[in-house]
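The sequence and the structure come first.

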Amino acid sequence: MPKVFLISIGIIGFIAGIFLTLNGNKIMGLAGSVASAAIAIKAINDFKKEKKSA
């Protein structure tokens with residue numbers, strides 16, 4: 001269950017970062033988008049590893 005939560009947070013954060021970038025806060029928006037995308041990718045990869053080992 002925590003993996004799904006991390007994936008959701010990562011996607012929501014990525015979208016929020018895009019909106020921040022478009023609204024003029026470019027550095028914070030880009031940094032937030034990159035960090036959130038990294039969280040989502042890490043959670044997806046961990047989720048896939050768990051499914052393979054199960």
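This is a predicted model: local features need pLDDT of at least 70, side-chain atom pairs count only at pLDDT 80 or more; totals for chains, interfaces and linings use all residues.

Gly17 is buried, because its relative accessible area is 3%, and under 20% counts as buried. Setting aside neighbours within four places in sequence, Gly17 is in contact with Gly29 and Ser33. Between Gly17 and Ala35 the C-alpha distance is 9.3 Å, with the two 18 residues apart in sequence.

Helix α1 covers residues 2-22, and its 21 residues should span 30 Å at 1.5 Å a residue. The C-alpha atoms at its ends are 30 Å apart, which agrees.

Which residues of α1 are buried? They are Ile7, Gly10, Gly13, Gly17 and Thr21. These residues cover an arc of only 135° around the axis, so they sit on the same side of α1. An α-helix has 3.6 residues a turn, so residues three or four places apart point the same way. The buried residues of α1 pack against α2 (26-53).

On the other side of α1, Phe5, Ile12, Phe19 and Leu22 are exposed. A nonpolar patch on the surface is formed by Ile11, Phe14, Ile15, Ile18, Phe19 and Leu22, with about 580 Å² of accessible area together. Phe14, one of these, lies in helix α1.

| Residue | Relative accessible area | Class |
|---|---|---|
| Gly17 | 3% | buried |
| Phe14 | 36% | partly exposed |

Just after α1, Gly24 takes a positive phi of about 110°.

Terms used. Residues are numbered from 1 along each chain as its sequence is written. Side-chain values use heavy atoms; hydrogens and water are left out. Helices (H or I, at least four residues) and strands (E, at least two) are DSSP runs, numbered from the N terminus. The expected span of a helix is 1.5 Å times one less than its number of residues. Buried means under 20% relative accessible area, exposed over 50%, partly exposed in between (1.4 Å probe, protein chains only). The arc is that of the directions from the helix axis to the C-beta atoms. Contact means heavy atoms within 4.5 Å. Patches are made of residues with over 30% relative accessible area and no salt bridge: like charges are joined within 9 Å, nonpolar side chains (Val, Leu, Ile, Met, Phe, Trp, Tyr) within 5 Å. Accessible areas come from the Shrake-Rupley method with a 1.4 Å probe; for residues, only the protein chains shown count as cover. A salt bridge is a side-chain nitrogen of Lys or Arg within 4 Å of a carboxyl oxygen of Asp or Glu.
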